[in-house]
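Hi there,

Here is the structure I promised to pass on.

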Amino acid sequence: MVSLNPVRILKNEAEEEKAEVARMSSFIGAIAIGDLVKSTLGPKGMDKILVSYGRNAGQVEVTNDGATILKSVGVDNPAAKILVDMSKVQDDEVGDGTTSVTVLAAELLREAEKLIEQKLHPQTVIAGWRIAVEAARQALAEASFDHEKSMNEAALRADLENIARTTLSSKILSNHKEHFTKLAVDAVLRLKGSGNLKAIQIIKISGGLLEESFLDEGFLLNKKVGVHQPKKIENANILIANTPMDTDKIKVFGSTIKVDSMAKIAELEVAEKEKMKDKVNKILNHKCNVFINRQLIYNYPEQLFADAGVMAIEHADFDGIERLALVTGGEIVSTFDSPEKVKLGHCKLIEQVLIGDECLIRFSGVELGSACTIVIRGATQQVIDEAERSLHDALCVLAATVKEPKVVYGGGASEMLMAEAVSRVAARTAGKEAAAAEAFAVALRRLPSAVADNAGYDSADLIARLRASHAQGENTMGLDMENGCIGDMKKLGITESYVVKRQVLLSASEAAEVILRVDNILKSAPRRRGPDRRPC
């Protein structure tokens, strides 16, 4: 007899979702993530408050940055996690477009759900999407323009300023976008095309107003100089190290020292001090007049540095000393036995400066001349943190644009341009793939529609007018969110980076394709902990 009971091959605690159930679970999770961040899209988008629990309980963040929101939200749905990871990659690659890429992927899956209900096979939908992506990418590339061929620096700067304004328009800095646009463009142009954003230091100092933020042409370090040490040094030779300087206290772990008198303890302390003195002498043999350490410098070595007339700076965080080594041309060392093999950093002047209530150390005339520091002021920590995220997005977009100086028009013009190109290709495509390609065009039009909805305007009317303009060949027309109408993006100067738009298109289509291919979700059984047999 053959049993007709289903055979279970998974463990009891393991879970399995099959076919339509798995597909619907993926669609629902991805669409929910897209709807979560959709309201933050565009210049009139809303912010989210993120409240932390656990170790950072009570910490509050106010942001409309898609990557920050998704990174902070714990999701359990596998498809939702794919979109969260995609937004992180978008943030790492080009710095902006994290919300757009998530919303576009979610809208693609929303349209795919309708096609699946009409009995189209997922592979047919994917084939149609690939035709649409190729048409959209080609249309975007043809619509882009750049100033690299003409080598027109003034026009390139104007484009960079327009891109920075467009990027900052949807951020907390929108009311001060002219001021921060100039800061971001000046900082990126100092890099001379290298795109090395590590040379740009961002320091946050509470107090004051956002418009009091400024660009300093030196390198600022938010640390203090040791007691009784020189506060100003010219022609500095800088030794950058990551070494313990706290052995003036006896620390013998896992051992017991037995002594028969207090004199023996004093002898141990003297021996430790002599050991530290030898280490300081080895450091001084490098002919440096500034010593910067990643770790703490305790009182005794600090006193020895002061006696030698050396400026010693302690506890510079690892990111700080890595950036400092980059801009001064030095190397981070941890041993000091071979001074001739160590490369010191150099700068013309080191001095203390007062910004607000904070005392900082400024390094002027560093070897990497493109290095600079942007100091952000603000009323509250939440405002400063969001301003830093906004400025980081603008700097990343500008650096990517300098490397590949292609520009496209914003305000939904590029999305409508791609959607029209996809619709034309869909009309010429034979077979069921045409329906999938047209669905791709519908998803692209949902982005400017969401921007209009978030601003409180009639999106149906605006998108219909915008679509009619593009059908007549007016490819520079987009949404003017200041006046609630459609306008010429070329005249308004609303431009975006071609690199960002291309990345949004490709990442969203790839992520949606990955999710659409799924027909089975397997969740492994949780690992059981065995009994604890260790002795008490």
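Let me begin with Leu 447, which, leaving aside its neighbours within four places in sequence, is in contact with Leu 41, Ser 100, Val 103, Leu 104 and Glu 415. Please keep in mind that this is a predicted model. Leu 447 is part of helix H13. Its relative accessibility is 5%, so Leu 447 counts as buried, the cut-off being under 20%.

H13 (residues 433–454) packs with H5 (residues 122–143), with the axes 7 Å apart and an angle of about 55 degrees. The two helices are therefore oblique to each other, and their crossing is right-handed. On the H5 side, the contact is made by Thr 124, Val 125, Ala 127, Gly 128, Trp 129, Ile 131, Ala 132 and Val 133. These meet Glu 433, Ala 436, Ala 437 and Phe 440 of H13. By class, the contact of H5 with H13 has nine nonpolar residues, two polar and one charged.

The other pair is H4 (residues 98–117) with H16 (residues 498–516), whose axes come within 8 Å and cross at roughly 40 degrees. H4 and H16 are therefore oblique to each other too, and H4 passes H16 in a right-handed crossing. H4 contributes Ser 100, Val 101, Leu 104, Ala 105, Leu 108, Leu 109, Ala 112 and Ile 116 to the contact. From H16 come Val 504, Leu 505, Ser 507, Ala 508, Ser 509, Ala 512, Ile 515 and Leu 516. The residues of this contact divide into 13 nonpolar and three polar, with no charged ones.

Finally, a loop residue. Ser 213 sits between strand E5 (200–206) and strand E6 (214–216). Is Ser 213 buried or exposed? With 2% relative accessibility, Ser 213 counts as buried. A polar atom of the Ser 213 side chain lies 2.8 Å from the backbone oxygen of Leu 210. Not counting residues up to four places away in sequence, Ser 213 touches His 179, Phe 180 and Leu 183, as well as Val 375, Ile 376 and Arg 377.

Happy to talk any of this through.

Best wishes

Definitions and conventions
Residues are numbered from 1 along each chain as its sequence is written. This is a predicted model: local features need pLDDT of at least 70, side-chain atom pairs count only at pLDDT 80 or more; totals for chains, interfaces and linings use all residues. Side-chain values use heavy atoms; hydrogens and water are left out. Axes are lines fitted to C-alpha atoms, for helices over the stretch in contact, and angles run from 0 to 180 degrees between N-to-C directions. Helices (H or I, at least four residues) and strands (E, at least two) are DSSP runs, numbered from the N terminus. Angles under 35 degrees count as roughly parallel, over 145 as roughly antiparallel, 65 to 115 as roughly perpendicular and the rest as oblique. A crossing is left-handed if the near helix is turned anticlockwise from the far one by less than a right angle, and right-handed if clockwise. Contact means heavy atoms within 4.5 Å. Ala, Val, Leu, Ile, Met, Phe, Trp, Tyr, Cys and Pro count as nonpolar, Asp, Glu, Lys and Arg as charged, and the others, Gly among them, as polar. Buried means under 20% relative accessible area, exposed over 50%, partly exposed in between (1.4 Å probe, protein chains only). A polar contact is a pair of N or O atoms within 3.5 Å; within protein, one must be able to donate a hydrogen and the other to accept it, and residues adjacent in sequence count only if both atoms are side-chain atoms.
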